[in-house]
Amino acid sequence: MNDSSSDRAVSRRSLLGTLGTVGAAGLLAGCSTDERDAADGTPSNTGTKTPRSGGPDGVSRTYFDQGPTVRLEEVATGLTSPSALVTAEEDADRRFILDQAGQVYVHDAEGLQSTPFLDLSDRLVALGEGLPNWIAYDERGLLGLAFHPEFADNDLFYVRYSAPSDDSALDHVERLSEFSVSADGTRADPDSERVLFELPWERPIHQAGTVEFGPDGYLYGALGDGLNPYNAQDLDTLKGGIFRIDVDGRTGDLPYAVPEDNPLVGEDGRDELYAWGLRNPWKMAFSGDRLIAGDVGQATWEEVNVVEAGTNYGWPLKEGTHCHDPQLGTSSEEQCLVESDRGEPLVDPVLEFPHFDEEGDAVGFAVIGGHVHTGGVDALGDEYLCGVFTSSFTAASGRLLAATPQESGTWPVRELQVEGGLDIQVLSLGQDGSDSYVLGTRAPLASDPLSRDEGVVYRLTA
């Protein structure tokens, strides 16, 4: 069958119906195998498409402006699902790579060390087990790592992970814990765990997970809405928001302190909340004093937000800059709300892109928040780098984007041209000061990625 506009519309409708129902690609929950096949034009009850040149069929080639060409240098393989790359303030040339399966590995001048710096696999919820069939990628696991700004002196660091719950009404708990390193400083001490909080999680999805220290010395963390969109507008829960805490102090009986200038201190709502109205801010990072977060969409749009104190980003009343109906799970251009029930303005993102272009071809599902590049790739200057998890459910088909930060309004965005092509689903981006890294898996969604060690880390080069 030829690649007609009617074929594209059938595939688009088939996938959109499932996306709207289950919140697919949110982060990465997709649709059933048949519907994912339909989205890519492979045989199904919706017919087939003629493959296009240059990549998976049914994928938009022209939505983004063309950006500069870059190369990717492979620096680590054999991982399952590399979910973050971070560094510590220390006199050592090493990077710490999280594997969602439960390990933290050190990457140094000799490559990826085989012995984990930390292994929490025995403390995680059982990944891949008991998931509904509409979840294509288990979002639980080891999700975030941040080293204390004074790590070189106090040996402390912090992790976010999904732990089992004794409550049968819950799927798991999201845990934030403090650890210290062993006496010789080369490994973490697994017995040093100090739990800062555990949040009940009813569903195996929308945890987000990034934790990062800001320039103010406080710890910021991202939490998804738990697949209940109304959580994002409920200030009595941390779900669907960004929290901010002081790990060096204590407030009352809490194992941490609440900064006095947090926006809800003395107001209704959780004192720890810093910003809210987010769906699933899978990845975020500070670039200077600016916190930038990607937020995975549901019906139609992916978005990136500059996170500021006390700001409401609109979910589920808006998706990106567009109106959203949380009852139907659909977005449109009609009768947009501009403020919450509390009278807060709903702040628009600085970057957005749709799941499909006007021709019905896939642009991408699940934005992967990144950082402003300050390294040696001159063509990127001070561009904000972010990723697209995938634009296909049957092939590894991620994308890399570069946006030019602006003082106000939306940021112009281009797609990086990767020499030799990009052969991964993009899971995360990282940096070590001078270099930017791209993390992902070569396993497509249809092949159960968490059962295969096809995770890879690339260094971005000119």
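Which side chain makes a polar contact with the side chain of Ser397? I looked this up, and the partner is the side chain of Ser391, at 2.8 Å. A polar contact is a pair of N or O atoms within 3.5 Å; within protein, one must be able to donate a hydrogen and the other to accept it, and residues adjacent in sequence count only if both atoms are side-chain atoms.

The model is predicted, so local features need pLDDT of at least 70 and side-chain atom pairs pLDDT 80 or more, while totals for chains, interfaces and linings use all residues. Residues are numbered from 1 along each chain as its sequence is written, and side-chain values use heavy atoms, without hydrogens and water.

I placed Ser397 in the loop between strand S24 (384-390) and strand S25 (399-403). Strands are DSSP runs of E, at least two residues, numbered from the N terminus. Ser397 counts as buried because its relative accessibility is 7%; buried means under 20% relative accessible area (1.4 Å probe, protein chains only).

Next I looked at an open sheet of 4 strands, in the order S7-S8-S9-S10, with antiparallel pairing. Two strands pair if DSSP finds at least two bridges between them. The edge strands, S7 (142-147) and S10 (188-201), each pair on one side only. I found 5 bridges joining S7 to S8 (residues 156-163). Phe147 has Phe157 in S8 as its bridge partner.

I then turned to an open antiparallel sheet of 4 strands, ordered S15-S16-S17-S22. Its edge strands are S15 (283-287) and S22 (351-354). S15 and S16 (residues 290-295) are joined by 5 bridges, and Lys283 stands opposite Gly294 in S16.

Terms used
Buried < 20%, exposed > 50% of the residue type's maximum accessible area, 1.4 Å probe, protein only.
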